[in-house]
Amino acid sequence: QVQLVESGGDLVQPGGSLRLSCTASGFTLDWYAINWVRQAPGKEREKVSCISRSGDSTYYSDSVKGRFTISRDNAKNTVYLQMNSLKPEDTAVYYCATDRSPYHCSNYGYDYWGQGTQVTVSS
């Protein structure tokens, strides 16, 4: 019933761009702050970005700050991650996940996850 579906992952050359989307079904996405989390082979899971329920505050990890932009369109029940100036080290499976905080981004953990979308940055 409750589902998050990511899309937009692809193979891209270094310096290229991708736009990921996360669409919810079975619940209203604006009930949650939404995180983007990535998992790369041999690396620990990394929280890349987060956006508050209203979109008035955002978080970015140091590794992506200045290159990635998170946004949301609550009318479409969708959150986006615009990724520019991609690097090979950005290669990972990217997941969207609801934040356990009632409204804002937090370190409390996650409730729901999508299936992930593969981003591969390679020449």
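This is a predicted model: local features need pLDDT of at least 70, side-chain atom pairs count only at pLDDT 80 or more; totals for chains, interfaces and linings use all residues.
The protein chain has 11 strands and 0 helices, so from the N terminus on the elements simply read β-β-β-β-β-β-β-β-β-β-β.

**Overall build**
- For 123 residues, a compact globule would come out with a radius of gyration near 14 Å, and the protein chain, at 13 Å, agrees with that.
- The C-alpha trace spans about 40 × 25 × 25 Å along its principal axes.
- Buried residues account for 44% of the 123 residues.
- The protein chain exposes about 6300 Å², with carbon and sulfur atoms supplying 45% of that area.
- If you take contacts between residues at least 6 apart in sequence, 57% of them join residues at least 24 apart.

**The four-stranded sheet**
- This is an open sheet of 4 strands in the order β1-β3-β8-β7, and the pairing is antiparallel.
- Its edge strands are β1 (3–7) and β7 (68–73), each pairing on one side only.
- Ignoring direction, neighbouring strands here are turned by 15° against each other on average.
- β1 and β3 (residues 18–25) pair antiparallel over 5 bridges, and Q3 stands opposite S25 in β3.

**Around Q115**
- Q115 sits in the loop between β10 (110–113) and β11 (117–121).
- It counts as partly exposed because its relative accessibility is 47%, which falls between the 20% and 50% cut-offs.
- Leaving out residues up to four places away in sequence, Q115 touches L4, V5, E6 and Y95.
- Q115 and A97 are 18 residues apart in sequence, with their C-alpha atoms 9.9 Å apart in space.

Definitions and conventions. Residues are numbered from 1 along each chain as its sequence is written. Side-chain values use heavy atoms; hydrogens and water are left out. Helices (H or I, at least four residues) and strands (E, at least two) are DSSP runs, numbered from the N terminus. Buried means under 20% relative accessible area, exposed over 50%, partly exposed in between (1.4 Å probe, protein chains only). Contact means heavy atoms within 4.5 Å. Two strands pair if DSSP finds at least two bridges between them. Axes are lines fitted to C-alpha atoms, for helices over the stretch in contact, and angles run from 0 to 180 degrees between N-to-C directions. The radius of gyration is taken over C-alpha atoms; the globule rule is 2.2 Å times the number of residues to the power 0.38. Accessible areas come from the Shrake-Rupley method with a 1.4 Å probe; for residues, only the protein chains shown count as cover.
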